[in-house]
Amino acid sequence: MVVIAVTNQKGGVGKTTTAVTLAHGWACAGKRVLLMDLDSQGNVADSLGIEPGHELVRFLDPEAGEGWQPTYIEAGDPQSGRENLYLVRSDKHTAPLKRKLAAEPFGVQVLGERLKLLRRAPRGAAFDFVVMDCAPSVDILHTAAMVAADWLLIPTRLDQLAVKGVMDALGTLASLRGAGHSSCEVAGILPTFYDRVTTESHDQLVHLASQFGKLVMPPIPLDTQCRTATRLGRTLWELDPGGRAMAGMLMEREFVGGYRSVMVRLQEVCGVW
Amino acid sequence: MSGNFVALDPAVADLIGAGNARRDEARQPVADRQRKQRERERTKARERNRVMLDLPLRITERLTALGELHRVPVSQVAGLLLAEGLARLEGGEIDIEAAKRASNSPKYDWNLEYQ
């Protein structure tokens with residue numbers, strides 16, 4: 001089971017679109033995927049066009065103790081409406097949950113402990129991927145995700161504030177690793193909303209690449225279908241599987257960037273398949 | 001980018017290179033930019049017929065051998081056989097669906113198996 005946290009402390013950079021697209025892509029490829037929404041805005045359910053919910057509260061209830069079992073995830077059809085894609089949704093009920101966890105002495109470890117139990121699930125019930133869509137704020141769930149995840153994927157728009165969010169996320173991770181609380185590694189920094197015509201996009205890509213080298217992945221091109229997909233409650237795999245955000249930009253004779261290549265890159269980095 | 005070498009993803013490096021080239025060209029006089037544009041169009045027209053394909057070695061070796069046997073360019077051997085194959089496909093003699101196998105790669109939905 002590979003656990004990936006999609007995070008950036010800046011909002012509006014494409015975290016939810018990235019988390020949903022990757023999760024559904026792997027589900028379409030026959031993998032069992034758990035998509036967790038750690039943001040009380042509940043955007044994952046909106047992106048999938050389904051009713052809001054708050055499985056996260058049950059999933060992370062610190063009072064459940066050693067008797068906790070993820071049976072409601074394993075049993076039955078995934079409520080995402082998509083084969084192989086299981087959900088842990090979040091909504092406004094996450095706010096009191098966060099206060100509860102913050103009051104616990106080891107509240108930041110509860111998420112990791114729950115995921116450890118999922119790793120021990122029998123074959124057939126085990127998940128191949130857990131994708132966590134993090135909120136754009138530094139709170140206990142954001143920290144818990146960095147503690148619990150195997151890999152961090154950081155989407156970022158190519159503007160000054162979002163790139164600062166990348167630095168902040170990496171700084172937080174470095175602190176956690178330095179204190180021995182996390183062994184999470186950075187899978188990549190994913191530029192989003194890339195427009196190869198504008199000077200600012202180009203300059204920020206250069207800046208990002210000069211700071212982070214090979215961590216910077218080929219970008220996701222600007223594509224209005226991302227907004228359309230969210231509005232319609234459909235994923236990019238359903239709405240436009242061959243579009244720019246999915247297939248990338250044509251350069252010379254091959255396509256560069258796009259979510260399909262992100263999945264291939266993550267496959268290599270995370271050592272799956 | 002500074003003089004210090006920073007290892008980059010090759011695709012990212014290509015994008016940055018293309019962006020830098022576009023910028024440099026935008027700074028040139030109009031006449032030079034138009035000349036470069038005409039050169040690009042001529043190159044594109046020549047390359048329109050050129051494709052790069054990944055083919056199994058056993059096929060490329062057979063195509064090369066056929067080219068040498070009949071003393072014709074290998075591209076024309078490949079072109080002839082592709083044209084014949086396309087005609088058979090469009091005539092219903094080849095079932096491309098039967099050759100499809102599920103792909104593990106997220107880039108493609110299917111792979112084709114053939115002899």
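**Entry 1: B:Leu89.** I looked up B:Leu89 in this predicted model and found the residue in helix 4 of chain B, which covers residues 74-90.

**Entry 2: surface patch on chain B.** I next asked which residues form a nonpolar patch on the surface together with B:Leu89. I listed B:Val51, B:Leu53, B:Leu55, B:Leu86, B:Ile94, B:Ile96, B:Leu112 and B:Tyr114 as the other members. Together with B:Leu89, they have about 810 Å² of accessible area.

**Entry 3: domains of chain B.** I noted two domains in chain B: domain 1 spans 8-47, and domain 2 spans 57-112. For the distance between the C-alpha centres of these two domains, I recorded 34 Å.

**Entry 4: sheet of chain A.** I turned to chain A and traced an open sheet of six strands. I wrote down the strand order as 3-2-4-1-5-6, with parallel pairing. Which strands stand at the edges? I found strand 3 (85-88) and strand 6 (185-192) there; each has a single partner strand, so one side of each is left without a neighbour in the sheet. I recorded an average twist of 20° from one strand to the next.

**Entry 5: strands 2 and 3 of chain A.** I examined the pairing of strand 3 with strand 2 (residues 33-37) and found that the two run parallel, joined by four bridges. I also looked up A:Val33, whose bridge partner in strand 3 is A:Leu85.

Conventions: Residues are numbered from 1 along each chain as its sequence is written. Chains are lettered from A and ligands numbered from 1 in the order in which they are written. This is a predicted model: local features need pLDDT of at least 70, side-chain atom pairs count only at pLDDT 80 or more; totals for chains, interfaces and linings use all residues. Side-chain values use heavy atoms; hydrogens and water are left out. Two strands pair if DSSP finds at least two bridges between them. Axes are lines fitted to C-alpha atoms, for helices over the stretch in contact, and angles run from 0 to 180 degrees between N-to-C directions. Domain bounds come from an automatic or database domain assignment. Patches are made of residues with over 30% relative accessible area and no salt bridge: like charges are joined within 9 Å, nonpolar side chains (Val, Leu, Ile, Met, Phe, Trp, Tyr) within 5 Å. Accessible areas come from the Shrake-Rupley method with a 1.4 Å probe; for residues, only the protein chains shown count as cover. A salt bridge is a side-chain nitrogen of Lys or Arg within 4 Å of a carboxyl oxygen of Asp or Glu.
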